[in-house]
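Trainee: I have a protein model to discuss. Could we go through it together?

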Amino acid sequence: MSRKKFQTIFDCGSSKVRAGIFNNEDQDNTFFIESNFYTNSSSLKFEIQKIITSLENFTNEYIDSVDLMVDSSRMVSIAISVSKKIEELKLRKDNILFLVQEAKQQIEKYYSDFSILHIVINNYKLDNIDYSELPDEIDCQFISLDIIFICLPNKLISDLKDTFSEFNILINQIICSSYAKSINYKNNLNSTGAVSFIDIGFKKTSIISFIHNKLIFLDVLPIGGNHITKDISLLLKIDINEAEKLKLNFEKINQHANNEFFSLEMIQKIAFARTEEILELCMKSIESNTQIKGVSKIILIGEGSKILDNKFK
């Protein structure tokens with residue numbers, strides 16, 4: 001079987017599907033595509049099918065496997081600490097793997113309806129001394145690990161696998177898109193100290209906080225840009241798709257100048273009232289974490305944050 005030239009990545013959101021292909025032999029040969037806006041999850045399969053067709057036409061290859069990025073308001077992060085007394089003086093990699101496996105078994109036991117996407121060790125405590133990374137050679141008698149597990153519901157993962165299997169496509173791995181994006185931004189910013197990324201999606205808002213490059217916590221709020229769109233739709237008595245366009249395109253408000261119900265001031269008040277609520281909830285979540293003290297840098301990302309880039313804000 002010939003080796004595939006292209007790697008395919010899908011990002012399945014609540015309102016859009018995005019995909020990209022990357023040439024394994026030519027890094028400059030990439031192609032990106034996104035679906036139309038949708039609010040009904042039943043449209044997901046149709047949009048995925050259209051994107052698959054476009055990607056296969058571009059690459060002249062059949063897609064049989066993809067890497068999948070996904071977020072959900074039902075995503076959870078679980079922090080756990082595990083420890084072990086070491087009989088041998090020299091710390092070995094097997095000691096770490098044993099503790100990680102032990103913690104994983106606890107998560108699988110008590111969160112049986114969830115699947116683990118990411119396992120993040122954010123602290124090693126060796127004989128009561130903290131290390132952000134595991135030392136290469138060290139003697140110790142006691143080790144403790146602080147681990148964060150990022151998980152998605154089994155039902156969601158099963159549904160996504162079933163959807164892609166209808167197109168004879170296997171999912172290689174599933175990645176939490178908020179977590180992946182925050183790492184990418186963090187690495188590009190080279191930021192030190194405390195930094196929190198607020199990823200405002202369509203149906204959820206994720207808060208991912210780091211201190212000195214260590215993941216401290218990940219929280220998910222079941223509120224997002226969808227609530228802003230619904231507010232505009234309800235109060236202006238317009239279609240949900242039209243409300244979404246207004247939310248993202250204040251500068252084109254003059255297109256509706258002849259409609260007496262559409263005023264820039266009214267839309268601003270509706271949109272920013274809900275946006276303020278979302279940001280206040282995010283700040284409460286960040287402030288509730290005892291590890292974050294003093295000033296923390298806040299960075300807004302995600303489709304829902306684009307409303308704050310508008311020149312009319």
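This is a predicted model: local features need pLDDT of at least 70, side-chain atom pairs count only at pLDDT 80 or more; totals for chains, interfaces and linings use all residues.

Trainee: How many helices and strands does the protein have?

Mentor: There are seven helices and 13 strands. Helices (H or I, at least four residues) and strands (E, at least two) are DSSP runs, numbered from the N terminus.

Trainee: What does the C-alpha trace span along its principal axes?

Mentor: The C-alpha trace spans about 80 × 55 × 40 Å. The accessible surface of the protein is about 17400 Å², and carbon and sulfur atoms account for 48% of that surface. Those areas come from the Shrake-Rupley method with a 1.4 Å probe; for residues, only the protein chains shown count as cover.

Trainee: And how much of the protein counts as buried?

Mentor: Of the 313 residues, 44% count as buried. Buried means under 20% relative accessible area, exposed means over 50%, and partly exposed lies in between (1.4 Å probe, protein chains only).

Trainee: Let us turn to the open sheet. What is its strand order?

Mentor: The open sheet of four strands has the order β12-β11-β10-β13, with mixed pairing. Its edge strands are β12 (214–221) and β13 (297–301), each pairing on one side only. Two strands pair if DSSP finds at least two bridges between them. From one strand to the next, the twist averages 15 degrees.

Trainee: How do β11 and β12 run, and how many bridges join them?

Mentor: Strand β11 (residues 205–211) and β12 run antiparallel, and seven bridges join them. Within this pair, serine 206 stands opposite valine 220 in β12.

Trainee: Which helix packs on the sheet?

Mentor: Helix α7 (residues 264–287) does, touching β10 (194–200), β11, β12 and β13. Contact means heavy atoms within 4.5 Å. The direction of α7 makes about 35 degrees with that of β11. Axes here are lines fitted to C-alpha atoms, for helices over the stretch in contact, and angles run from 0 to 180 degrees between N-to-C directions.

Trainee: What lies in the loop between β11 and β12?

Mentor: Histidine 212 is found there. Its phi is near 50 degrees, a positive value in a residue other than glycine.

Trainee: Is histidine 212 buried or exposed?

Mentor: Histidine 212 has 56% relative accessibility and therefore counts as exposed.

Trainee: What about asparagine 128: where does that residue lie?

Mentor: Asparagine 128 lies in the loop between β6 (114–126) and β7 (129–131). Its phi is near 70 degrees, also positive in a residue other than glycine. Asparagine 128 is exposed, because its relative accessible area is 64%.

Trainee: Which residues does valine 76 touch?

Mentor: Not counting residues up to four places away in sequence, valine 76 touches Phe114, Phe149, Ile150 and Cys151. Valine 76 lies in strand β5 (residues 76–85). Valine 76 and cysteine 151 are 75 residues apart in sequence and 5.4 Å apart in space, C-alpha to C-alpha.

Trainee: Finally, why does serine 233 count as buried?

Mentor: Serine 233 is buried because its relative accessible area is 14%. Serine 233 is found in helix α5 (residues 225–236), and its contacts, not counting residues up to four places away in sequence, are Ile238, Asp239, Ile240 and Ala243.

Technical notes:
Residues are numbered from 1 along each chain as its sequence is written. Side-chain values use heavy atoms; hydrogens and water are left out.
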